[in-house]
Amino acid sequence: ACFMFRSFNRLTAMALPKLTYLDIKGFGEAIRLALYIGKIDFEDHRVSHAEIQELAKEGKLPYGQVPVLQLDGVTYAQSGAILRWAGRQSGLYPEDHKLQLQCDAIEEALTDIKKLLPSVWYGSILGRNPATKEPLVPLSDA
């Protein structure tokens, strides 16, 4: 699925940013929210695990994973880096260096928590096989 968010765009000199992530909240949701709250136009490209495999095989994912952000034909990876970019673009990330440090510390604490949640997000206790992306130990409905 692909969603287009249209509003006042502060990024007038560049093409519409394209955020690619799964159709779940996970590591991409904070990025989506920062862009939306900041009224930044972007393409919300939601992909399946199979599509991630294809993108990785085609060499379109710098680290073989999502989220990725495309800006003017260049693909950027890593959720923290993309989130800080989105925060700066939307005016949510502070300019003061000490406030940035506090903001980054909170985000890193949240990242530590998010590391415990992938089994719920991805439906597998041990995550996914790095090569096949298949669940290693799928969660059952029981």
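Predicted model: local features only at pLDDT ≥ 70, side-chain atom pairs only at ≥ 80, totals over all residues.
Of the 14 residues that line the pocket, Ala 30, Leu 83, Tyr 93, Cys 103 and Glu 107 lie nearest its centre. Two or more lining residues come from each of H1, H3 and helix H4 (97–114), and H4 gives the most, with six residues.

Helix H1, which spans residues 29–37, deserves a look of its own. Its buried residues are Glu 29, Ile 31, Arg 32, Ala 34 and Leu 35. An α-helix has 3.6 residues a turn, so residues three or four places apart point the same way. The packing partners of the buried residues of H1 are strand S2 (18–22), strand S3 (42–47) and helix H3 (79–90). After H1 comes Lys 39, with a positive phi near 55 degrees.

Stepping back to the whole protein chain, five helices and five strands can be traced. Read from the N terminus, their order is β-β-α-β-α-β-β-α-α-α. The protein chain has 142 residues, and 35% of them count as buried. Where contacts link residues at least 6 apart in sequence, 59% join residues at least 24 apart.

Notes: Residues numbered from 1 in each chain as written. Heavy atoms only, no water. Helix = DSSP H or I, 4+ residues; strand = E, 2+ residues; numbered from the N terminus. Buried < 20%, exposed > 50% of the residue type's maximum accessible area, 1.4 Å probe, protein only. Contact = heavy atoms within 4.5 Å. 1 Å grid on protein atoms, 1.4 Å probe; cavity = no way out; pocket = protein on both sides within 12 Å on 5 of 7 lines; lining within 4 Å.
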